[in-house]
Structures are given as structure tokens and as C-alpha cells.
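Thanks for coming. I have one structure to show, and I will go through it piece by piece. Please look at it on the screen first.

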Amino acid sequence: FDTEYHFSAEDIQPMITYGTNPGMGIGVNETIPTTDTVHESDKSGLAKSLAYMGLQEGAPIKGQKIDFVFIGSCTNSRIEDLRLVASFVKGKKKADDVEVWIVPGSKQVENQAIKEGIDKVFEEAGFLLRQPGCSACLGMNEDKIPAGKYCISTSNRNFEGRQGAGARTLLASPLTAAAAAITGVVSDVRELMN
């Protein structure tokens with residue numbers, strides 16, 4: 001190798017997506033890119049993604065109103081993820097106008113969460129613990145986000161229509177998703193931790 005890079009973990013802010021592919025991500029305190037700041041080959045894709053997402057170039061993502069939170073899928077709904085979310089939301093309530101779905105990554109994870117009482121923490125916070133499976137990760141069965149609604153999702157895909165026709169998906173970590181569930185907007189979870 002030619003170069004070594006050193007990063008301090010506390011300098012890395014939580015990330016969130018603003019567009020319609022997982023690579024369209026920014027720090028939660030950053031602003032959405034503009035056509036002036038992206039490579040020429042990315043300009044039309046940016047415009048198309050922002051039109052679908054209903055977001056504006058150069059606008060902050062922090063403070064963006066959300067309607068749904070999906071903490072689930074095999075990627076970010078392991079028992080460790082659920083423990084972390086439960087420790088953050090314990091004693092808190094979800095925002096009134098946000099629907100929160102917790103979908104364990106497997107039946108084993110669901111059973112462990114119940115055994116540890118994590119299900120009760122979620123229930124007290126107003127989070128709905130659902131059956132393990134793909135669920136809203138790919139808009140299966142009735143688990144779809146309505147058109148035009150914003151969902152912070154811990155899954156790993158945010159393509160157009162992934163969570164339902166016209167659904168607007170913002171990918172984030174379980175803690176960032178939990179923070180939005182409590183505040184009702186995209187938030188920096190670090191500002192809410194005790």
C-alpha cells in the first residue's frame with residue numbers, strides 16, 4: 001500500500017441517504033449535494049433522485065419530517081441492534097405522528113428479544129414488534145410505506161418503490177432510525193444520548 005489513513009471515530013457523524021441508491025449518503029449534519037458539487041456524470045441522477053424523494057438541493061437533511069421508521073431486515077435487526085435501540089428508547093415515547101415497525105432478523109432474534117424483555121421496552125415506547133421476515137425491507141404483503149411518505153429504514157436498499165410504490169426511503173443505522181422515531185424528524189442521535 002502507498003498511504004495510511006487514520007480516523008478518529010468520534011469525528012465520524014451518523015450517515016443517512018437522501019437519494020435512490022445506497023451510495024447517495026451524507027452525514028446527518030450535512031446538506032444535500034447540489035448539481036454544482038457533484039461530478040458531471042452524476043448531475044442527471046441527482047436531479048431525478050431528488051425529484052422522486054421530494055427533497056431540495058443544498059437543503060439540510062437534519063430536521064426532515066419522517067412518517068415511518070423501519071428497524072428490521074437481516075442487515076440491521078440482529079439481537080445486538082435491538083439491544084442498542086432498546087437501551088436508547090427506554091423511558092421515551094415515539095413521536096405521535098410516526099409509525100415504528102421493529103422486525104427481528106430471525107425467529108431466534110425475536111425469541112431472544114422477548115426473553116430479555118426488549119419487547120416490553122418497545123411496547124412502552126409505542127414501537128410495534130412484528131414477525132421476523134423481510135417485511136418493509138422490500139414492501140412485502142401489507143408492510144408497505146404509502147406513496148409520498150418518508151421512512152427511515154435500516155435495510156440496505158433505497159431504490160424507487162423498494163418499500164412500496166412512491167415510498168421515500170432514507171437508509172440509516174438502527175440508532176439514527178430510533179432517534180427519528182422519538183423526534184419525528186431526521187436527528188443526530190448523539191445530541192439525544194445521555
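**Sheet, helices and one methionine**

Helix H5 (residues 174-183) lies across S3, S4 and S6, and runs at about 150 degrees to S3. Helices (H or I, at least four residues) and strands (E, at least two) are DSSP runs, numbered from the N terminus. Axes are lines fitted to C-alpha atoms, for helices over the stretch in contact, and angles run from 0 to 180 degrees between N-to-C directions; contact means heavy atoms within 4.5 Å.

A word on the source. This is a predicted model, where local features need pLDDT of at least 70 and side-chain atom pairs count only at pLDDT 80 or more, while totals for chains, interfaces and linings use all residues. Residues are numbered from 1 along each chain as its sequence is written, and side-chain values use heavy atoms, with hydrogens and water left out.

Now the sheet. It is an open sheet of five strands, in the order S5-S4-S3-S6-S7, with parallel pairing; two strands pair if DSSP finds at least two bridges between them. At the edges are strand S5 (128-129) and strand S7 (168-171), each pairing on one side only.

Strand S3 (residues 68-72) is joined to strand S4 (residues 99-103) by five bridges, and the two run parallel. Phenylalanine 70 stands opposite tryptophan 101 in S4. Is S3 enclosed or open? Five of its five residues are buried, so S3 is largely enclosed by the rest of the structure; buried means under 20% relative accessible area. Phe68, Phe70 and Gly72 point one way from S3, and Val69 and Ile71 point the other way.

Further along, four bridges join strand S6 (residues 150-153) to S7, again in parallel. Tyrosine 150 is opposite arginine 168 in S7.

Those two residues come up again with methionine 53, which lies in helix H1 (residues 43-53). Methionine 53 has 0% relative accessibility and therefore counts as buried. Leaving aside neighbours within four places in sequence, methionine 53 has contacts that include Tyr18, Tyr150, Arg168 and Leu170. Methionine 53 and glycine 148 are 95 residues apart in sequence, yet 8.0 Å apart in space, C-alpha to C-alpha.

Last, a helix pair. The axes of helix H2 (residues 79-89) and helix H4 (residues 118-125) come within 10 Å and cross at roughly 45 degrees. That makes H2 oblique to H4, since angles under 35 degrees count as roughly parallel, over 145 as roughly antiparallel, 65 to 115 as roughly perpendicular and the rest as oblique.

Notes. Buried < 20%, exposed > 50% of the residue type's maximum accessible area, 1.4 Å probe, protein only.
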